[in-house]
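User: I have a model open and want to go through it with you. Can you take my questions as they come?
Analyst: Go ahead.

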Amino acid sequence: MAVYINDTCINCGACIDECPVEANVDEDDNPTDEDIYHVYADKCVECVGYFDPPACAEACPTEGCIGWSDCADGATCMENRGEAGEPVIE
Ligand code: SF4
Ligand code: SF4
């Protein structure tokens, strides 16, 4: 269904322009009010049909900052994705 950004995000901005579906927002637009970047789960397609691995995680300089969340039934998910909670890139 999506990837998520955890609180190790340093707000560097490297991910935001990489997303092909504009699912990433910066801390000012984070709907959770956390002072970190955010991925809208209902927009993220895990880069299926665009990139492998997911472009935001590839661009992120912070180790393990972007992780997999659950793959909901009927959602667009990568075939070789990790389990929920695991980093997208180790
Ligand atoms: S995995 Fe791809 S579609 Fe999802 S937020 Fe990252 S760059 Fe955007
Ligand atoms: S690239 Fe990583 S550290 Fe930088 S803003 Fe995006 S999630 Fe945060």
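**Going through the model**

User: Where does D42 sit?
Analyst: D42 is in the loop between β3, which covers 38-39, and α1. Keep in mind that this is a predicted model.

User: Is D42 buried or exposed?
Analyst: D42 counts as exposed, because there are 10 C-beta neighbours inside 10 Å, and the exposed class takes residues with 12 or fewer.

User: What else is in the loop with P53? Start with where P53 is.
Analyst: P53 lies in the loop between β3 and α1, and E46 lies in the loop between β3 and α1 as well.

User: What is the peptide bond from D52 to P53 like, cis or trans?
Analyst: The bond from D52 to P53 is cis, and its omega is near 10°. As background, most peptide bonds are trans.

User: And the backbone at E46, what is its phi?
Analyst: E46 has a positive phi of about 60°, although E46 is not a glycine. Most residues other than glycine have a negative phi.

User: Is E46 buried or exposed?
Analyst: E46 is buried, because 27 other C-beta atoms lie within 10 Å; the threshold for buried is 20 or more.

User: Which other non-glycine residue has a positive phi of about 55°?
Analyst: That is N11, with a positive phi of about 55°. N11 is found in the loop between β1 and β2, the latter being 24-25. N11 is partly exposed, because 14 other C-beta atoms lie within 10 Å.

User: What about I10, buried or exposed?
Analyst: I10 is exposed, because 12 other C-beta atoms lie within 10 Å. I10 is found in the loop between β1 and β2. From I10 to D28 the C-alpha distance is 13 Å, and the two are 18 residues apart in sequence.

User: Let's step back. In what order do the elements of the protein run?
Analyst: From the N terminus on, the order is β-β-β-α-β. That makes one helix and four strands in the protein.

User: What radius of gyration does the protein have?
Analyst: The protein has 12 Å, which agrees with the value near 12 Å that a compact globule of 90 residues would have. Along the principal axes, the C-alpha trace spans about 30 × 25 × 20 Å.

User: How much of the protein is buried?
Analyst: Buried residues make up 24% of the 90 residues.

User: And the contacts, what share join residues at least 24 apart?
Analyst: 59%, counted among contacts between residues at least 6 apart in sequence.

User: Which residues touch the most other members of the largest nonpolar core?
Analyst: V3, I5, V39, C56, A57, C60 and I66 do, out of 17 residues in that core. At least two residues of this core come from each of β1 (3-5), α1 (55-59) and β4 (66-68).

User: Take C56. What is C56 in contact with?
Analyst: Leaving aside neighbours within four places in sequence, C56 is in contact with V3, C15, E18, C19, N24 and I66. C56 is also one of the residues closest to ligand 1.

User: How many residues surround ligand 1?
Analyst: 15 residues surround ligand 1, and the closest are C19, C44, C47, P54 and C56. The shell around ligand 1 has twelve nonpolar, one polar and two charged residues.

User: And ligand 2, which residues are closest?
Analyst: C9, C12, A14, C15 and C60 are the closest of the 14 residues that surround ligand 2. By class, the shell around ligand 2 has eleven nonpolar, three polar and no charged residues. C60 is also among the core residues that touch the most other members.

User: Last one: where is G64, and what is G64 in contact with?
Analyst: G64 is in the loop between α1 and β4. Neighbours within four places in sequence aside, G64 is in contact with T8 and P87. G64 is partly exposed, because 14 other C-beta atoms lie within 10 Å. M78 is 14 residues from G64 in sequence and 18 Å away in space, C-alpha to C-alpha.

Key: Residues numbered from 1 in each chain as written. Chains lettered and ligands numbered in written order. Predicted model: local features only at pLDDT ≥ 70, side-chain atom pairs only at ≥ 80, totals over all residues. Near = placed C-beta within 6 Å. Nonpolar A, V, L, I, M, F, W, Y, C, P; charged D, E, K, R; others polar. Rg over C-alpha atoms; globule rule 2.2 N^0.38 Å. Contact = placed C-beta atoms within 7 Å. Core = buried A, V, L, I, M, F, W, Y, C linked by C-beta atoms within 7 Å.
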